[in-house]
Amino acid sequence: MTISTLTFNDGNEVPWIAFGTGSAHRLQDVQNPVENAIANGFTHLDGAQMYENEESLGMAIRASGIPRSALFVTTKLDRLQLDQTAKTALQVSLKKLGSEYVDLYLVHKPRHHAGRLKEVWKMMEECKKERRTKSIGVSNFDVAHLQEILEGAEFPPSVNQVKIHPYVWKSLQPVIALHKEHGIITSSYGGLTPLFRAPGGPLDPVIEEIRARLESARGRPVSIGQVLIKWLQHHGILVVTTSSKADRMREYIDTARVPKLTAEEMESIENAGAQRHYKFYRFIRGAL
């Protein structure tokens with residue numbers, strides 16, 4: 001199955017769904033799960049220096065037999081050491097990954113670079129100009145953080161990866177509006193939080209009703225997870241998800257074939273989400 005793409009503001013294209021190597025995979029050898037993800041259809045692999053598993057991510061890429069050019073690899077800048085820059089940190093990542101470049105390089109957390117965001121962003125731009133990364137972006141940035149680096153930027157961020165699900169959708173509208181103003185792709189992690197980490201909320205009956213309608217229309221099983229991923233996809237969001245289970249991986253990729261949500265269903269999801277504000281950061285192993 002060919003995975004559709006989104007287009008960044010620098011003209012580069014990115015697969016709309018990615019396999020993440022954080023969460024349960026953080027600090028773990030990810031060669032087997034990443035090989036499984038590739039075998040089950042993922043072409044976008046989302047890594048990070050903070051996850052401390054870039055070596056095994058690189059091993060999985062090489063073992064897959066898939067040409068590097070057919071894959072999209074993301075990594076993220078961790079907190080800088082005293083003698084580091086974003087450029088030298090990326091050089092270390094490239095060595096671990098066994099690659100000459102990454103497709104996307106993100107500033108992982110703005111608080112790691114308080115008072116230095118502009119300086120860090122200038123070095124991210126150098127990485128792009130030197131083609132060590134094709135595109136650059138950020139993660140976990142709010143409006144103030146984005147405004148700080150946008151002022152005087154040569155290249156605006158191509159993407160901002162943030163936690164997105166219906167229970168935080170309303171609170172994210174200011175940052176999403178800024179994304180639209182500057183052509184920044186919104187990327188999500190934690191999109192299935194309402195189902196696995198906050199069950200029993202006002203969203204549950206809404207999702208189940210939509211799931212049943214989609215399953216009837218499709219004539220094949222549709223999961224509640226696919227409903228939420230479809231909601232994200234309809235908003236043009238780059239989805240980062242993960243699992244240790246091959247059937248779940250196939251399910252996530254298969255979401256592209258699930259029928260479209262109606263405008264009324266989109267609205268009902270967001271109205272239910274607005275009834276509760278919920279953030280969750282601690283990993284629960286049973287959620288994958």
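Guide: Helices (H or I, at least four residues) and strands (E, at least two) are DSSP runs, numbered from the N terminus, and by that rule the protein has eleven helices and ten strands. This is a predicted model, in which local features need pLDDT of at least 70 and side-chain atom pairs count only at pLDDT 80 or more, while totals for chains, interfaces and linings use all residues. Residues are numbered from 1 along each chain as its sequence is written, and side-chain values use heavy atoms, with hydrogens and water left out.

Visitor: What makes the radius of gyration agree with that of a compact globule?

Guide: The radius of gyration is taken over C-alpha atoms, and the globule rule is 2.2 Å times the number of residues to the power 0.38. For 288 residues a compact globule would have a value near 19 Å, and the protein has 18 Å, so the two agree.

Visitor: Why is Leu27 called exposed?

Guide: Exposed means over 50% relative accessible area, buried under 20%, and partly exposed in between (1.4 Å probe, protein chains only). Leu27 has a relative accessible area of 52%, and therefore counts as exposed. Leu27 is found in the loop between strand 3 (17-20) and helix 1 (31-39), and its phi is near 70°, a positive value in a residue other than glycine.

Visitor: How do you know that Arg131 counts as exposed?

Guide: The relative accessibility of Arg131 is 71%, so Arg131 counts as exposed. Arg131 lies in the loop between helix 4 (117-129) and strand 7 (133-139), and has a positive phi of about 65° although it is not a glycine.
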